[in-house]
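This report describes a predicted model in plain terms. The sequence and structure come below.

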Amino acid sequence: MKKDILIFWIAALSIVFGLSAILYRHAAVPTAELAKSKTPQPMESMPDIDLGSPYGTVSVTDLVGYYIEHPPAPKGTAAVDSGEHRFGGC
């Protein structure tokens, strides 16, 4: 019984590590792309972002400007909860 369990675990681990070694090169990020991701990019050089049908395409500069003009509310100033919760139904 112990021999069967040992053979199963050795075979399973061999398959997993073998597949990992073979498929690693497909999952790894190329060195040039990794170096580019570690350096900050100016927002003017970034492409426009498509926000969907209600907003369309918006530049990163406009998004940052909107965020600066309308910062998110601090956690303590959220709307006061009335404590009454109604769940749907008939």
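In what order do the elements of the protein run from the N terminus on? The order is α-α-β-β-α, and the protein has 3 helices and 2 strands. Helices (H or I, at least four residues) and strands (E, at least two) are DSSP runs, numbered from the N terminus.

The model is predicted: local features need pLDDT of at least 70, side-chain atom pairs count only at pLDDT 80 or more, and totals for chains, interfaces and linings use all residues. Residues are numbered from 1 along each chain as its sequence is written, and side-chain values use heavy atoms, with hydrogens and water left out.

The table gives mean pLDDT, the predictor's confidence in each residue from 0 to 100.

| Part | Mean pLDDT |
|---|---|
| protein | 86 |
| helix 1 (residues 2-27) | 95 |
| helix 2 (residues 31-38) | 90 |

A pLDDT of 70 or more is reached by 83% of the residues.

Buried residues (under 20% relative accessible area, with exposed over 50% and partly exposed in between; 1.4 Å probe, protein chains only) make up 2% of the 90 residues. The accessible surface (Shrake-Rupley method, 1.4 Å probe) is about 8800 Å², and 66% of that belongs to carbon and sulfur atoms.

Met-43 lies in the loop between helix 2 and strand 1 (49-50). Its relative accessibility is 29%, so Met-43 counts as partly exposed. Leaving aside residues up to four places away in sequence, Met-43 touches Val-60, Thr-61 and Val-64, where contact means heavy atoms within 4.5 Å. Met-43 and Val-64 are 21 residues apart in sequence, with their C-alpha atoms 8.9 Å apart.
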